[in-house]
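User: Hello! I am new to this structure and would like to learn how to read it. Could you walk me through it, feature by feature?

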Amino acid sequence: MSAPQTRSLADLLWLLIGPVVWFLHLVVLYGAEALICTPPVGSGRAMMWMGAAATIAALGALAMLAAVSIRRVQDAPEEQTDATFLRKTTLLLALLSAIGVIWSALPLALVPVCASAGG
């Protein structure tokens, strides 16, 4: 009987890169909203630029992750089904995270930035 193969920590980290990029995008957007839209500063234009830069950076990182995952799937031998599964799952999580990044950036385009709640 052969010993079961254990996946390395690197495989787990590759799997989590997409959701971590999505999380960091959310933190940057909401942190910037809280810091930029305080009454003394209150610049909606700065928030728009910060949100656009964060969204472009997150989508770029996710696109690079997807490209690396596709290349790793194509280079994998056919007999390594567990490695192929992890790489395909990484690709799907990157795509899901890209949808999440776009979804969380939509309020920048649809809602007035730094609008006061009181009117």
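User: Which residues are buried in helix 1?

Analyst: Let us begin with the words. Helices (H or I, at least four residues) and strands (E, at least two) are DSSP runs, numbered from the N terminus. Buried means under 20% relative accessible area, exposed over 50%, and partly exposed in between, using a 1.4 Å probe and protein chains only. In helix 1, the buried residues are Asp11, Leu15, Gly18, Val21, His25, Leu29, Ala32 and Ile36. This is a predicted model, where local features need pLDDT of at least 70, side-chain atom pairs count only at pLDDT 80 or more, and totals for chains, interfaces and linings use all residues. Residues are numbered from 1 along each chain as its sequence is written, and side-chain values use heavy atoms, with hydrogens and water left out.

User: What do the buried residues of helix 1 pack against?

Analyst: Packing is read from contacts, meaning heavy atoms within 4.5 Å. Here the partners are helix 2 (44-75) and helix 3 (81-110). The protein chain has three helices and zero strands. Of its 119 residues, 27% are buried.

User: Where does helix 1 have a kink?

Analyst: The bend at a residue is the angle between axes fitted to the seven residues ending there and the seven starting there. In helix 1, a kink of about 40° lies at Ile17, shortly before the proline Pro19. Helix 3 has a kink of about 25° at Ser104, shortly before Pro107, also a proline.

User: How many Å should helix 3 span?

Analyst: The expected span of a helix is 1.5 Å times one less than its number of residues. Helix 3 has 30 residues and should span 44 Å, which agrees with the 44 Å between its end C-alpha atoms. Helix 1 (residues 9-36) has 28 residues and reaches 38 Å from first C-alpha to last, close to the 40 Å expected.

User: Is Phe23 buried or exposed?

Analyst: Phe23 sits in helix 1 and counts as exposed because its relative accessibility is 51%.

User: And Ala66, buried or exposed?

Analyst: Ala66, in helix 2, counts as buried because its relative accessibility is 11%. Ala66 and Leu91 are 25 residues apart in sequence, while their C-alpha atoms are 5.3 Å apart in space.
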